[in-house]
Amino acid sequence: MSDKVSNLTETTFDEVVNGSAEPVVVDFWAEWCGPCKMVAPILDEIAEEQDGKVKVTKLNVDENPAVAQRFGVMSIPTMLVFRDGEVDRRIVGAKGKAQLMEELGL
Amino acid sequence: MPDLHEVVIIGSGPAGLTAAIYAARASLAPLVLEGEPSSTGDQPGGQLMLTTEVENYPGFPQGIMGPELMMQFKEQAVRFGAKAETVKASRVDLSERPFKVWVGDPDAPEPTYLAKSLIVATGAKSLMLGLPNEQPLIGHGVSTCATCDGFFFRDQDIAVVGGGDSAIEEATFLTKFASSVTIIHRRDELRASKIMQDRAFANEKIRFMWNTEVTEIVGTDRVEGLKVMNNETNEAGDLAVTGLFVAIGHRPNTDLFAGQLAMKDNGYLVTHAPSTYTSVEGVFGCGDVQDDVYRQAITSAGSGCAAAIDAERWLEAQEDAGH
C-alpha cells in the first residue's frame, strides 16, 4: 500500500473526512473481496499521482461495519468521494484506471 | 512500430495464465493482457476472482480461495518470464500476420501490440436478468458478486436466481449471513452437481421457488422486494427480500472477435478439438470462451496448456518453413 493512502476507522472517519481541504476518496473494502484486491493498486497509483489534489483513504468494512452501514454501502468495492464532508460521488464496483479516474472526477 | 511479440495472450483466468506458464517455460516471453478490474467475471483473474472456496481444483485437498488461487497462477507465470499488463484489448485485426492488437482507443491508427501468434482466453461473464431496475440497483441490493456483498445482508431475507452450480454455491455461501435465501429457478429441478444440490437441500435456510421467474425488482433507492410469476400456472406473487443475487448463466466474451473468428450460434469460439486451433491460423482459443460444455477451472487450465503447446509448435513450424 502506498504511504499516501491512509486507513480510516470508525473513530478517525469524521475527523479526516470533515477536516480535509481536498476531496477525500474512501475505498470501502475487505480482505475476502476479490475485486477489491484488483482495485487497490490502482488507488495506490492515483494517490501517488494526485498527491495534494485528493486524499485517498481506505475503510475495512469488516472492522468498521457501522460506517459502511451509515453510508448505505451494500457492495464492495464502493468508493465514496467526500467534498466538505458531504458525499459528492459514489462508485460501485471495481473499474480500470481510466474509467475510475473519470468517475472520481479527477 | 509497436513491439512484436511471439505470443500475446488475451485473458488471465485459469486458461490464459496456464497458457502463459507453458509459453514462458518454452522461452516465448508471452505478453498477457490480463484485462481491467470490474465486479463481473470479466476482469484480471477471471471468474474465480468472484468465488470463495474452490473445492474441486486438484492439489488443494482443503480447498483454496478463488482469488488466492489466481494470484498463485499469476505468480507462477511471472516467475518464468511472462509479462502481464492490466489492460483490456479494445480491437484486434486478424486479417494478416503479424496480428494487431489495440489497447485503449480502438480507432488509433497504430496498434498497441503486434503478435506472431495469439491465444484467446477471454472467458465468459455472467448474464443479468435484463429487468429495468436491475442496473441502477447494483450496489443497492442487486449484486453480481456474492462473495463481495454477502456480508451486507446479515440477518436479512434475500433471493438467488438460477439453478446451476454457481447459483447453488452462492446460495449456500449466502446462508452464512442471511436469515433466509430463496432460490428462484425457472425449471422444476436444478442443473447443479449432485453434491451442491444435496448441500442446498439439507440447508435449513434455503427455500426453493420452482418454475418461477422474476418479473420486476421493486424499489427505487434499494431493493425492497421482487415480483415473481410461476411459469406453469401464470400465478403472480411477491417476495419480500432486500437482496437479489443473479446467477443465471454466462455469455462468452467474444465481441472483440466478431466477424474475424468462427463462432457457434451461442457465441462461443469454434476450436478444432482436440487442438485449440481456431478458424484463423496462428490464433488459438482456450478456456470458457470456447467451452460451452465443461466450464471448469481445471478444464480451462488444461486447454490453456494445450493452446500454449499448439502455439509453440505452430511458431516452430513457421520458422522451419522460413517465414
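Start with helix α4 of chain A, residues 97-104, which lies across β2, β4 and β5 of that chain. Against β5(A), the helix runs at about 155°. Keep in mind that this is a predicted model.

The strands under discussion belong to an open sheet in chain A, built from five strands with mixed pairing. Reading across, the order is β1-β3-β2-β4-β5 (chain A). What stands at the edges of the sheet? That would be β1 (5-8) and β5 (86-92) of chain A, each with a single partner strand, so one side of each has no neighbour in the sheet. From one strand to the next, the twist averages 25°.

Now zoom in on one pair of strands. Residues 24-29 of chain A make up β2, residues 78-83 make up β4, and the two pair in the antiparallel sense over five bridges. For a spot to look at, find F28(A): its bridge partner in β4(A) is T78(A).

Chain A also touches chain B. The contact takes 19 residues from chain A and 23 residues from chain B. On the chain A side, helix α2 (residues 34-49) gives the most, with six residues. By type, that side of chain A divides into 12 nonpolar, five polar and two charged residues.

Two packed helices are described by the angle between their axes and the distance between the axes.

| Helix | Residues | Residues in the contact |
|---|---|---|
| α4(B) | 165-174 | D165(B), I168(B), E169(B), A171(B), T172(B) |
| α5(B) | 194-201 | M196(B), Q197(B), R199(B), A200(B) |

The axes of α4(B) and α5(B) come within 10 Å and cross at roughly 35°, and the crossing is left-handed. The residues of this contact divide into four nonpolar, two polar and three charged.

Last stop: the nonpolar core. In soluble globular proteins, nonpolar side chains tend to be buried together. The largest nonpolar core in this model has 122 residues. Which residues have the most contacts inside it? They are A19(B) and I119(B). Helix α1 of chain B, residues 14-25, gives the most to this core, with eight residues. Leaving aside neighbours within four places in sequence, A19(B) is in contact with I9(B), I119(B), A121(B), C286(B), G304(B), A307(B) and A308(B).

How values were computed:
Residues numbered from 1 in each chain as written. Chains lettered and ligands numbered in written order. Predicted model: local features only at pLDDT ≥ 70, side-chain atom pairs only at ≥ 80, totals over all residues. Contact = placed C-beta atoms within 7 Å. Helix = DSSP H or I, 4+ residues; strand = E, 2+ residues; numbered from the N terminus. Nonpolar A, V, L, I, M, F, W, Y, C, P; charged D, E, K, R; others polar. Pairing = 2+ DSSP bridges. Axes fitted to C-alpha atoms, helices over the stretch in contact; angles between N-to-C directions. Core = buried A, V, L, I, M, F, W, Y, C linked by C-beta atoms within 7 Å. Buried ≥ 20, exposed ≤ 12 C-beta atoms within 10 Å, placed from the backbone. Left-handed = near helix turned anticlockwise from the far one by under 90°.
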